[in-house]
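Please look over the model below. My notes follow as numbered points, starting with the pockets.

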Amino acid sequence: MSEQLKLVILIQTKPGQAAEQIATFTRLAPLVRAEAGCLQYEMHPVAGDENKFVLIETWTSQAALDAHDAMPYMIEADANSPSFRAGPATVLFLGPVIA
């Protein structure tokens, strides 16, 4: 059985472009949450910086994440993100919880 994958994605928008990031997430969230294998997909603003966001994703397997990345709406969103993001997102794959 595959282990769950948990990702933390750090996003920085260009100054004054946060609304575009929020609109993109709002449009994508219901589609992503309906995907097979998606257990969590939520975005949080970073307190004190209107241009920073943290996206938290949990997937049942690497295969589910790979299928997500291949969805046409994700490919389109990734192609459009440079128009409002300050640079590429930083993706952190988390290890297991330390007891």
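1. By class, the lining of the largest pocket divides into 15 nonpolar, five polar and four charged residues. Here Ala, Val, Leu, Ile, Met, Phe, Trp, Tyr, Cys and Pro count as nonpolar, Asp, Glu, Lys and Arg as charged, and the others, Gly among them, as polar. The lining has 24 residues; Ile9, Leu55, Met74, Asp78 and Arg85 lie nearest the centre of this pocket. The pocket holds about 430 Å³ of space. A pocket is an open set of points on a 1 Å grid over the protein atoms alone, where a 1.4 Å probe fits, with protein on both sides within 12 Å along at least five of seven lines; lining residues have an atom within 4 Å of a point.

2. This is a predicted model: local features need pLDDT of at least 70, and side-chain atom pairs count only at pLDDT 80 or more, while totals for chains, interfaces and linings use all residues. Residues are numbered from 1 along each chain as its sequence is written, and side-chain values use heavy atoms, with hydrogens and water left out.

3. Which elements supply the lining of the largest pocket with at least two residues each? They are β1, α1 (18–33), β3, α2 and α3 (72–80). α1 gives the most, with four residues. Helices (H or I, at least four residues) and strands (E, at least two) are DSSP runs, numbered from the N terminus.

4. The second largest pocket has a volume of about 230 Å³. Among the residues that line it are Glu3, Lys6, Thr58, Phe93 and Val97. β1 and β4 are the elements that give two or more residues to this lining. By class, the lining has five nonpolar, three polar and two charged residues.

5. Four strands form an open sheet, in the order β2-β3-β1-β4, with antiparallel pairing. β2 (38–46) and β4 (90–94) are at the edges; each has a single partner strand, so one side of each is left without a neighbour in the sheet. On average, neighbouring strands are turned by 15° against each other, direction ignored. Strands pair if DSSP finds at least two bridges between them.

6. Now the pairs. β1 (residues 5–12) and β4 run antiparallel and are joined by five bridges. Valine 8 stands opposite leucine 92 in β4. β2 and β3 pair over eight bridges, also in the antiparallel sense. There, tyrosine 41 faces glutamate 57 in β3. The hairpin of β2 and β3 has two residues between the strands, and glycine 48 takes a positive phi near 85°.

7. Helix α2 lies across β1, β3 (49–59) and β4, running at about 130° to β3. Axes are lines fitted to C-alpha atoms, for helices over the stretch in contact, and angles run from 0 to 180 degrees between N-to-C directions.

8. Leaving aside neighbours within four places in sequence, alanine 64 is in contact (heavy atoms within 4.5 Å) with Ala36, Gly37 and Trp59. Alanine 63 and glycine 37 are 26 residues apart along the chain, and their C-alpha atoms are separated by 8.6 Å.

Note on methods:
Points joined across faces, edges and corners; volume = space filled by probe spheres on them.
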